[in-house]
Amino acid sequence: MTRNHCLRNFGIVAHVDAGKTTLTERILHVTGRIRRTGDVHDGNTVTDFDPSERSHGITINAASVRCDWQGHVLQLIDTPGHIDFGLEVERSLRVLDGAVVVLDGVAGVEAQTEGVWRQCDRHGVPRLAFVNKLDRPGSDMSATLTAMRARFDVEPVAIQWPLGKERDFVGVADLIHQRRLEWRDGELTITSGLPAEALAARAALVEMGDHFGAGSDPTPEGLVAALREATLAGLVVPTLGGSAYKHRGVEPLLDAVVALLPAPKDRRVGTADGEALEADPEAPLAALCFKLEEQTFGRVAMVRIYRGTLRRGEVVLHPRTGRTFRVGRLLHVFADRHDEVQALAAGEIGAIVGMPLGTGDTLCDPSHPVALEAIAVPEPVMRVALEPRSRREQAALGAALAKLVSADPSLRLETDPETGQTVLAGLGELHLAIALERLAAHDVVVNAKPPRVAYREALGQSVEQSFTLKKQTGGPGTYAQVELRIEPAEPGVGLVFEDALRGEELPRHYLPAVRAGVEQAMQIGPIGGYPIPDARVTVLGGKAHERDSSDHAFQAAAARAFSLAAAQSEGCLLEPIMSVVIETPGDRLGEVIGDLGRRRGRVLGMDPKATTTVVRAEAPLAELFGYSGALRAATGGRGSFSLSLASYAPVPGSVAREVLKSSA
């Protein structure tokens, strides 16, 4: 077990291609965990071990590794940068104490960097920034700091400054200890003194330290203490620089992780009922399962221990099911390799083999039940229908899909109510493409129809509707009468279910069945059979029969009443609107804007840079299929973009008619 004050749990997060995995590889090399560094382009890095990651050259799975540095244990998670795999970042940040945000020193603050920054904000994760690729033409530390201030509304504080520019970049000036760190021929050389260009940055650092009590002429120890206080409070972001690919700047980054990011004891996690847990290894157990993986030896549940100690062989409670389990094998995880351990203490991240857990489940001491806050899972926006090529593959498909969805809750399994086809829903084209690749890797090859948009429906006006279900033939019968009022509800609230009953003609113990019937009917809207996610439903009245009424009867009657009312409410079809951030060469801006207009896009703003322009827009997802290829053609292969769900909006009438015609 690890003393939690000597432990640092942190993630590396950034926009795709900013250099996260390369930095992780260099950290493992510097700390002695690996002898030779791999390369993303060669497909031989430690954390990108999945075949899909190596073939696509991107991180898809958040991968956990452990290493030692200066007497501390570093538990590091390398996260994806592509928006389609944002859940991997979300559930990683849920269990981490700090983060290193990697920025491209040439591109500056990119689209998905903003996304992961907001995720860090949402989880209250203190962070450092690492400006990477300072050896590249066009890199600019000062411009990146300015962009951070403008785009993140934070105060980045440089604690290093580049020595040399672009191809002449050889190292960094350590502004805290006033020394030069240079890497030449693979060796680190440290000399005293600061170059003239670093003195202004040093002055800003001292001013910050004075504000937090370090004094106007601080010692290095005083500056570090002030920085740590301000970092943990989220008031400043210490910013370092380097070139991970060239092995420059990694060691001082690790020093900063140890000195400035929190230990588990510095953080508190909230339970579902608002209790704050301290990372005390002697207290009653509280742990969270944040991820599931399928290994050759069985299912592995990744867990973070927030309080107490999880020991092999002890009995623990699973609060969601109320069941108790005996803990089997416990593991420390190093990418796709594992080391067996006897216990995991407060603050540690590890794995349990074979326990039936789901993402977001709590494990706790049976005598001290507690439920930790769940992990938010984004709603899918795209669907693909799957058909096995033969009857033999039907059973194999079901088992393989169950494993996929268990490991990645942002994938959803549905059944098309008209065709009976199995439908896989996900967060984007790449997300679904990777899922199909993983099926094929398990020898389950399917015929997949082209991806479809996950449309929704919204109610229009308020409607009151009564329905009576009555089957009485002399023997046991069926009877239920329900009167409902349905109304549109604010987006995102789900079902708002209200009781306006008077008298006792409809016993209130049938209300859960009425609600279940409404929820059932909301899955198939009257316009095109798409779900109705938000509705306000009030139970106005109803009747029951003392012998012939049942929960089943009231559920069926409520479902029918809701469906009839929804058909009269004059609702509309809703489509997902995506936030689109495009970076294009300035000379291709006109083509990009024109193409967005043809896609029913709306430009929200533009940020000119030295040679490129960042375009912020919104556009319907239905118009963005194949956009990657279109943008490459419009920009000569030099453009890039990212998508994230912004909202749902009504589909224009002519477009809605085409959608309904094609889905009929």
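1. Basis. Local features in this predicted model need pLDDT of at least 70 and side-chain atom pairs count only at pLDDT 80 or more, while totals for chains, interfaces and linings use all residues. Residues are numbered from 1 along each chain as its sequence is written, and side-chain values use heavy atoms, with hydrogens and water left out.

2. Helices α6 and α7. Helix α6 (residues 196–211) packs on helix α7 (residues 220–232) at an angle of about 70°, and their axes are 9 Å apart. α6 is therefore roughly perpendicular to α7 (65 to 115 degrees). Helices here are DSSP runs of H or I, at least four residues, and strands are runs of E, at least two.

3. Their contact (heavy atoms within 4.5 Å). From α6, R202, L205, V206, M208 and G209 meet L223, A226 and L227 of α7. By class, the contact has 6 nonpolar residues, 1 polar and 1 charged; Gly counts as polar and Arg as charged, whereas Ala, Val, Leu and Met count as nonpolar.

4. Helix α1. In α1 (residues 20–30), 9 of the 11 residues are buried (under 20% relative accessible area, 1.4 Å probe, protein chains only). Among them are K20, E25 and R26. G32, which follows α1, has a positive phi near 85°.

5. K133 has phi near 65° and sits in the loop between β5 (127–132) and α5 (141–152). Its relative accessibility is 13%, so K133 counts as buried. E166, in the loop between β7 (160–163) and β8 (171–174), has phi of about 55°. At 27% relative accessibility E166 is partly exposed (between 20% and 50%).

Technical notes. Axes are lines fitted to C-alpha atoms, for helices over the stretch in contact, and angles run from 0 to 180 degrees between N-to-C directions. Angles under 35 degrees count as roughly parallel, over 145 as roughly antiparallel, 65 to 115 as roughly perpendicular and the rest as oblique.
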